[in-house]
Amino acid sequence: MSNTGINWFKYSSPQAFHLLAGRMIPWFSVVSIGLILIGLYIGFFVAPTDATQGDAYRIIFVHVPAAWMSMFLYVIMAIWAGIGLGLNARPSFMMAQAIAPTGAMFTFLALFTGSMWGKPTWGAWWVWDARLTSELILLFQYIGIILLRSSIDDLRRADRASAVLALVGVVNVPIIYFSVKWWNTLHQGASVSITAAPTMAGTMVTAMLVMMFGFWMYSIAVTLARVRCVIADRERLPSWGKQASMADVAEAR
Amino acid sequence: MSQPSMSEALRGVVRRDLLLAMRHRSDVAMSVFFVVIVASLFPLGVGPEPAVLRMIASGVLWVTALLACLLSLGRLFTADYLDGVLEQTLLIPQPLAVLVVGKVFSHWVISGLPVVLLSPLLGLQFGLSGDSLVVLTLSLLLGTPTLSMIGAIGAALTLGLRGSGLLVALLVLPLFIPVLIFGAGAVTNSLAGVGSEANLSLLGACFLLSLAFAPWATAVALRIALE
Amino acid sequence: MSVNVPSDVEITPGDSRFLYYSTLRQFIYFRSGRISPNMFQTVALSGSRGERQLFSDVSVTVKPGTLLAVVGENGSGKTSFLRMLCGLLSPDRGTILWEGKDIRQLKELYSAQLTYVGHLNGIKDELTPVENLTVSACLAGDECAGGAVPKALEAVGLARPVHRLPTRVLSQGQKRRVALARLWLSTRPLWLLDEPFASLDVTATNYLTQRLHAHLSHGGMVVVATHQDIAIPPDFVQQLRLTR
Amino acid sequence: MQWGSLSDFFAMGGYGLYVWTSFGAAALCMGGEVLLLWRRSAAAAGNHDGE
């Protein structure tokens with residue numbers, strides 16, 4: 001296994017990284033669980049009921065951190081993709097690959113909780129608001145990247161093609177946001193607005209921030225765990241390749 | 001050395017692709033026919049109420065143009081990929097991004113330009129008149145090249161993959177959204193009498209931005225696809 | 001993963017006539033900026049397809065006036081090796097040097113030095129041989145004006161009436177001839193040919209061999225991936241066997 | 001502490017359905033992701049042992 005001429009040790013050692021990640025995961029998991037529990041406690045038991053929205057506002061303790069993470073993870077993914085393309089470094093492609101599903105999950109979560117919040121507050125499950133719409137498109141982009149990767153068999157091409165798509169998408173996200181915002185204001189006026197958030201109590205902000213850090217740590221832990229899986233998966237491939245080539249030799253003779 | 005200049009190479013690429021399109025006139029005719037038939041389906045589905053038709057005209061015609069572009073993306077690189085011409089194109093001693101511009105331009109001439117030329121006629125079908133017809137044509141003239149350029153990235157990324165037709169749609173449609181919004185918005189604004197300059201200049205900005213980035217990204221994607 | 005490593009094989013053509021001829025020609029090429037008295041090298045080149053190792057640590061030098069025949073069984077990576085030399089495929093390890101410079105840095109400057117005839121013909125079925133050749137030669141920067149193109153097509157044995165037919169109706173061998181006709185227009189020093197003799201008949205094989213010979217004696221360099229022997233004096237030829 | 005009783009807490013001032021669905025979905029998504037990863041890495045480890 002160790003001596004099959006695997007050539008991806010040349011830039012950094014995924015095996016060492018595999019070990020390191022394995023050691024780091026428990027720490028991040030513990031911190032993440034702790035932060036999320038504290039955040040939930042503050043959110044449900046310390047933060048007061050909102051004067052205008054009642055208790056429905058408590059959804060933001062999961063909604064806002066999820067939305068934040070969805071965008072943040074996309075940028076991080078694109079940065080890893082860019083590093084991968086620039087330096088031709090496989091580990092950074094693996095990081096980008098590992099981030100995508102978590103990012104997509106948080107995007108979905110942000111959309112779902114957003115509509116849960118929208119129904120009691122706006123009276124509609126879905127509003128073509130700039131943020132919601134661009135979040136939806138972000139989800140499409142995540143799915144596109146995952147689909148593109150899964151439909152390419154050659155690992156090297158899959159890495160690089162999905163990296164290009166991630167980078168193109170990161171340019172597109174702000175453009176979409178502003179285009180939808182202008183489109184929105186041009187079409188229906190500012191009848192619905194979530195930017196005019198009520199002045200929030202300090203405890204509310206604290207709960208939200210604590211939750212966000214909790215989600216952040218969660219993302220790191222999950223990404224590291226997935227990177228370990230990716231490394232393990234790829235490590236197995238050369239042995240298949242070897243078997244295949246043996247079969248070819250046998251066939252040729 | 002008698003290297004061709006960059007513009008000569010660009011012209012060479014365009015000439016070959018247009019020559020090929022001339023040998024395949026039915027392909028061009030098909031994309032035109034597709035646009036006409038899709039646009040005609042909407043009044044049949046929505047009903048012949050002129051006010052409603054006028055309201056949905058910009059959106060329908062823009063989405064139709066978008067679909068026409070999407071359908072023809074498969075032709076952009078696939079044939080070249082299969083017969084080895086693309087390989088040779090990568091070896092032409094000119095920046096690949098420039099050659100990509102040539103390919104995208106001829107793609108636009110074949111699939112986008114007919115839609116632009118046809119749009120006043122289709123606009124009439126939907127009860128648009130005067131100013132808004134001009135704005136519709138102008139917005140498509142500015143927007144369809146952008147669609148071709150963005151689409152080229154998707155076409156290059158999915159080159160030679162199984163099910164690439166569907167995949168390219170999934171990858172490219174989210175990227176088309178700003179163009180769709182500004183393009184359709186221009187027509188809607190002109191109907192509302194608000195003035196469509198803002199939207200048209202935003203479309204122009206999209207065009208310039210994609211001209212700056214898309215050929216380069218396409219070139220990178222093509223090199224990846226051909227490895 | 002056993003690898004056959006032919007370390008820098010240097011060939012000095014023994015034929016005195018060749019030496020005189022090629023030195024003169026090289027000098028002319030050199031003065032016209034087409035070729036310099038240098039070479040084309042690969043250093044410790046390794047390649048793989050997917051996760052499958054094809055070859056590793058291939059170091060070989062191609063000097064002006066020599067032909068490198070890349071041989072090996074099916075699937076040994078001849079095509080990948082050639083595509084790597086073109087710069088279409090990046091190696092896992094190792095570098096490819098042109099005049100001592102990495103081809104990845106040279107980019108288009110390097111592309112301007114080579115003519116590649118791949119496994120695929122790179123011609124359009126809908127266009128006639130003349131149109132195909134004119135466009136591709138013009139784009140590549142080869143001679144494409146006036147009578148050059150028909151002359152090149154005649155040189156590979158395609159008669160005038162065939163020139164105006166759509167390539168679609170030609171036979172495999174004829175299509176291959178159209179693709180190879182580019183070599184009669186090319187003034188590039190480095191030719192990279194992937195199975196050029198495949199589907200060629202005896203006459204066309206002779207034409208091509210003569211053309212290769214002429215190119216070599218003009219100080220050109222040729223890399224050929226092939227299964228069959230090439231009727232070129234062994235002095236000009238070095239062989240690289242790719243094995244797993 | 002603004003909750004008088006447990007049922008008060010679950011009612012969330014009449015918005016219980018929305019609030020608990022949201023948090024439930026979050027728990028499901030994140031928990032599900034962890035579970036899937038767990039199984040995947042366990043499978044990978046199993047394969048390694050097998051070799």
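In this predicted model, T66(C) is buried, with a relative accessible area of 2%. The residue is found in the loop that runs between β2 (52–62) and β3 (67–71) of chain C, and its side chain reaches the backbone oxygen of K63(C) at 2.5 Å. N121(C) stands 55 residues from T66(C) along the chain, and the C-alpha atoms of these two residues are separated by 24 Å. Since buried here means under 20% relative accessible area, the value of 2% places T66(C) in that class.

**The contact between chain B and chain C**

Turning to the interface, chain B contributes 31 residues to the contact and chain C contributes 29 residues. Between them the two chains bury about 2700 Å², of which 56% lies on carbon and sulfur atoms.

| Item between chain B and chain C | Value |
|---|---|
| Salt bridges | 4 salt bridges |
| Polar contacts, both residues at pLDDT 80 or more | 11 residue pairs |
| Salt bridge of R83(C) with E87(B), closest N and O atoms | 2.3 Å |

On the side of chain B that touches chain C, at least two residues are supplied by each of α1 (6–23), α3 (50–83) and α4 (85–90) of chain B. Which helix gives the most to this side of chain B? That helix is α1(B), with 8 residues. By residue class, the side of chain B that touches chain C divides into 17 nonpolar, 7 polar and 7 charged residues.

Terms used. Residues are numbered from 1 along each chain as its sequence is written. Chains are lettered from A and ligands numbered from 1 in the order in which they are written. This is a predicted model: local features need pLDDT of at least 70, side-chain atom pairs count only at pLDDT 80 or more; totals for chains, interfaces and linings use all residues. Side-chain values use heavy atoms; hydrogens and water are left out. Contact means heavy atoms within 4.5 Å. Buried area is the accessible area (1.4 Å probe) that two parts lose on being put together, summed over both. A salt bridge is a side-chain nitrogen of Lys or Arg within 4 Å of a carboxyl oxygen of Asp or Glu. A polar contact is a pair of N or O atoms within 3.5 Å; within protein, one must be able to donate a hydrogen and the other to accept it, and residues adjacent in sequence count only if both atoms are side-chain atoms. Helices (H or I, at least four residues) and strands (E, at least two) are DSSP runs, numbered from the N terminus. Ala, Val, Leu, Ile, Met, Phe, Trp, Tyr, Cys and Pro count as nonpolar, Asp, Glu, Lys and Arg as charged, and the others, Gly among them, as polar. Buried means under 20% relative accessible area, exposed over 50%, partly exposed in between (1.4 Å probe, protein chains only).
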